[in-house]
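Visitor: Please take me through this structure, and for each label you use, set the value beside the definition.

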Amino acid sequence: MSGSGIGSGTGKYLVTGGAGYVGSVVAQHLLEAGHEVVVLDNLSTGFREGVPAGAAFIEGDIRDAAKWLDPSFDAVLHFAAFSQVGESVVKPEKYWDNNVGGTMALLTAMREAGVRKLVFSSTAATYGEPEETPIVETAATRPTSPYGASKLAVDHMITGEANAHGLGAVSLRYFNVAGAYGDCGERHDPESHLIPLVLQVAQGRREAISVYGDDYPTPDGTCIRDYIHVADLAEAHLLALDAAEPGNHLICNLGNGNGFSVREVIETVRQVTGHPIPEVVAPRRGGDPAVLVASAATAREKLGWNPSRADLAEIVADAWKFTQRRAQ
């Protein structure tokens, strides 16, 4: 092994899905910390231009990870997953095949290569509709979509791998990731996340933003979500590499512990961009909880993680800068 973690010199890391939004930002942070990074992505949803300069790139599938994994790698950071909730409802087989089947192949390749450290990109969708907020890691896991169920299944797989084969793993359950970091930002096609959708209205690419339900039991009637800056998220992954212990699977929520409503997000975009943002109220979407806010106490305690970019205006401003650069 070339190193044993972020805190003990340089290492070599495989970043699966590193051409995607979060994976590319994490890869960039690893490079800036002086590590060797190999990105594995089949570009089915990622973008070649999203791979940071300085990272080696392999266009390939996680099912074939055994072709490239060898004992020189210190760890795998795993982001390669389909993540569209709506699509998972109509094409569940796609999500079970890739998210679960692909990860099983990856875990097998890691075991055979002797790579015994994993950081997994999990999701708050594993919880479904919470009984209480803020949500803690011991909350009931009742996912409402095949996407959330596939991620939960992988968490169970990782626990078994850690118990049986000594894998050291950390699963990071994200809430709403937003913002941008340098040349790395959201490039989803089609886009489904609120902040980039509202920014498309500011750009003139979309006439109005749809507000799905304005009769929720919240102060302004719209859903409340916990937004986390993608750079804060990336820093948690680097800390997780040091926290991963052989034979242990640690699960941490990542969020700011503060919620912003849909209308608060829209108003913040108006202030940051200086553009009017017309709203159209649409019916509620099935399975949308009124409030999703994280407790990140475990991440603070176990990882030493303290998000420093909790201001919604800063998150929106960074996303807006990235959106404008891409339009030039």
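Guide: His-237 is placed in helix α6 (residues 230–243), where helices (H or I, at least four residues) and strands (E, at least two) are DSSP runs numbered from the N terminus. The model is predicted, so local features need pLDDT of at least 70 and side-chain atom pairs count only at pLDDT 80 or more, while totals for chains, interfaces and linings use all residues. Residues are numbered from 1 along each chain as its sequence is written, and side-chain values use heavy atoms, with hydrogens and water left out.

Visitor: Why does His-237 count as buried?

Guide: The relative accessibility of His-237 is 0%, and buried means under 20% relative accessible area, exposed over 50% and partly exposed in between, with a 1.4 Å probe and protein chains only; His-237 therefore counts as buried. With contact taken as heavy atoms within 4.5 Å, and with residues up to four places away in sequence not counted, His-237 touches Val-22, Val-26, Leu-77, Phe-79, Val-119, Leu-172 and Tyr-174. By C-alpha atoms, His-237 lies 29 Å from Glu-93, at a separation of 144 residues in sequence.

Visitor: What does the side chain of His-237 reach, and at what distance?

Guide: The side chain of His-237 reaches the backbone oxygen of Leu-233 at 2.8 Å. A polar contact is a pair of N or O atoms within 3.5 Å, of which, within protein, one must be able to donate a hydrogen and the other to accept it, and residues adjacent in sequence count only if both atoms are side-chain atoms.

Visitor: Which residues does Ala-236 contact, leaving aside its neighbours within four places in sequence?

Guide: Ala-236, also in helix α6, is in contact with Leu-172, Leu-254, Leu-303 and Trp-305. At 0% relative accessibility Ala-236 counts as buried, and its C-alpha is 8.6 Å from that of Gly-304, 68 residues apart in sequence.

Visitor: How do you know that Asn-253 is buried, and what does its side chain reach?

Guide: Asn-253 belongs to strand β11 (residues 249–254), and its relative accessible area of 0% is why it is called buried. Its side chain reaches the backbone oxygen of Ile-135 at 3.0 Å.

Visitor: What makes Val-76 count as buried, and which residues does it touch?

Guide: Val-76, found in strand β4 (residues 75–78), has 0% relative accessibility and therefore counts as buried. Among the residues that Val-76 touches, with those up to four places away in sequence not counted, are Leu-14, Leu-69, Met-110 and Lys-117.

Visitor: Why is Leu-43 called partly exposed, and what is its phi?

Guide: The relative accessible area of Leu-43 is 24%, so it falls in the partly exposed class. Most residues other than glycine have a negative phi, and most peptide bonds are trans. Leu-43, in the loop between β2 (36–41) and β3 (56–59), has a positive phi of about 60 degrees although it is not a glycine.

Visitor: What joins Thr-133 and Pro-134?

Guide: They are joined by a cis peptide bond, with omega about 0 degrees, and Pro-134 is placed in the loop between β5 (117–123) and α4 (146–165).

Visitor: Why are α7 and α9 called oblique?

Guide: Helix α7 (residues 262–273) packs against helix α9 (residues 312–327) at about 60 degrees, with the axes 9 Å apart. Angles under 35 degrees count as roughly parallel, over 145 as roughly antiparallel, 65 to 115 as roughly perpendicular and the rest as oblique; α7 and α9 are therefore oblique to each other. Residues meeting here include Val-265 and Val-269 in α7, and Val-316 and Trp-320 in α9.

Visitor: What is the angle between α5 and α7, and what is it called?

Guide: The axes of helix α5 (residues 194–203) and α7 cross at roughly 45 degrees and come within 10 Å, which makes α5 oblique to α7. Leu-194, Ile-195, Val-198, Leu-199 and Ala-202 in α5 meet Val-262, Val-265, Ile-266, Val-269 and Thr-273 in α7.

Conventions. Axes fitted to C-alpha atoms, helices over the stretch in contact; angles between N-to-C directions.
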